[in-house]
Amino acid sequence: MQLETIVTEIDECIMLITLNRHKTLNALNQKMAEEIISSLREADKNEEVGCIIITGSEKAFAAGADIKEMRENSFSEMYQLDWFAQWDGISQIRKPIIAVVSGYALGGGCELALMCDFILASKTAKFGQPEISLGIMPGIGGSQRLSRIIGKSKAMEMCLTGRLMDADEAEKTGIVARIFTQETLLDEAKEIAKKIASFSKPAVQMAKESINRSYETSLSEGLRFERRLFHAMFSTADQKEGMSAFIEKREANFTNK
Ligand code: CAA
């Protein structure tokens with residue numbers, strides 16, 4: 001597929017997806033959603049890829065859904081097209097996805113980052129759900145995911161006032177995993193992605209699946225699910241290799257089997 005709104009590259013074991021509508025601060029239009037999801041699916045199928053990075057520009061990860069594209073839509077168009085529903089495709093991706101955020105991550109941009117498995121940010125990152133100032137509310141999971149991550153009070157305050165949160169506060173509240181300088185952010189993110197990709201793919205994917213399950217189920221069911229996956233790992237060659245390598249004081253050579 002000829003890509004119009006993003007650039008993808010495979011750098012060793014990482015698929016790097018760079019949002020590429022810089023003139024609109026990477027406003028997320030329908031085409032971009034389609035291209036991001038299909039590239040993620042491609043990365044999921046590609047045996048060489050062990051981790052995926054989604055990033056934007058220095059000024060903006062993404063400044064939200066494309067306001068110009070949807071301004072004139074009617075309720076019935078939004079409803080019948082099930083606008084934004086395609087973004088649910090991200091939750092079906094089994095390989096880890098890291099959002100690498102500099103500058104604005106607003107509205108749909110914040111929501112896209114929250115849909116990734118974790119967020120690495122530069123000191124310039126600004127997160128927010130400013131939809132309220134457009135006479136609307138978040139529509140790609142902001143009201144649901146933010147409240148689970150930062151709690152009701154802060155999620156309410158952000159969504160009801162449209163206030164932007166800086167990188168330090170985002171790290172303190174758990175939105176962001178780690179902060180780096182603008183200059184080193186992408187290189188640091190690639191190192192982290194390579195580290196993840198160096199481990200057993202089934203182990204990485206099961207760990208991701210298990211953490212995500214914790215958002216969907218009760219603690220007792222989640223613990224049971226985790227334990228069953230843990231037991232299943234003892235059928236993999238990578239478990240034998242990982243434990244043997246530790247005991248034999250050598251590097252593990254995982255085969256993803
Ligand atoms: N949609 C469409 N175009 C956008 C956009 C968006 N979300 N955000 C920025 N742009 C465009 C601007 O219209 C402008 O285009 P022109 O040059 O053609 O005028 C260009 O990007 C540069 O933007 P600014 O001139 O505004 O840049 P700035 O540095 O002065 O301000 C900003 C930066 C504070 C991020 C400002 O652009 C802004 O407030 N953007 C909108 C943020 C927003 O409301 N996001 C939520 C969108 S709705 C949503 O996302 C719903 C949902 O839940 C999914």
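In the predicted model, strand E3 spans residues 51–55 and is mostly covered. Five of its five residues are buried. The cover extends to both faces of E3. Cys51, Ile53 and Thr55 lie on one side. Ile52 and Ile54 lie on the other. In a regular strand, side chains alternate between the two faces of the sheet. Buried here denotes a relative accessible area under 20%.

E3 pairs with strand E2, residues 14–19. The two strands run parallel and are joined by five bridges. Within this pairing, Ile17 has Ile54 of E3 as its bridge partner.

Ile54 stands opposite Ala99 in E5.

Because six of the six residues of E2 are buried, the strand is largely enclosed by the rest of the structure.

E2 has a further pairing, with strand E1, residues 6–11. Six bridges join E1 to E2, and the pair runs antiparallel. Asp11 stands opposite Ile14 in E2. E1 and E2 form a hairpin with two residues between the strands. In this hairpin, Glu12 takes a positive phi near 55°.

The ligand is surrounded by 24 residues. The closest are Lys59, Ala65, Gly108, Glu131 and Gly139. By residue class, the shell divides into 13 nonpolar, five polar and six charged. Three elements each supply at least two residues of the shell: helix H2 (67–70), strand E6 (104–106) and helix H4 (108–115). H2 gives the most, with three residues.

A nitrogen atom of the ligand is 2.9 Å from a polar backbone atom of Ala63. An oxygen atom of the ligand lies 2.8 Å from a polar backbone atom of Ala65. For Gly139, the distance from a polar backbone atom to a ligand oxygen is 2.8 Å. On its own, the ligand has 980 Å² of accessible area, and the protein covers 66% of it.

Gln86 belongs to a loop. This loop runs between helix H3 (75–80) and E5. Gln86 has a relative accessible area of 27%, so it is classed as partly exposed. Its C-alpha atom is separated by 21 Å from that of Asn46. Along the chain, Gln86 and Asn46 are 40 residues apart.

Note on methods:
Residues numbered from 1 in each chain as written. Predicted model: local features only at pLDDT ≥ 70, side-chain atom pairs only at ≥ 80, totals over all residues. Heavy atoms only, no water. Near = heavy atom within 4 Å. Polar contact = N/O pair within 3.5 Å; in protein donor to acceptor, adjacent residues only side chain to side chain. Areas by Shrake-Rupley, 256 points an atom, 1.4 Å probe, with all protein chains shown as cover. Helix = DSSP H or I, 4+ residues; strand = E, 2+ residues; numbered from the N terminus. Nonpolar A, V, L, I, M, F, W, Y, C, P; charged D, E, K, R; others polar. Buried < 20%, exposed > 50% of the residue type's maximum accessible area, 1.4 Å probe, protein only. Pairing = 2+ DSSP bridges.
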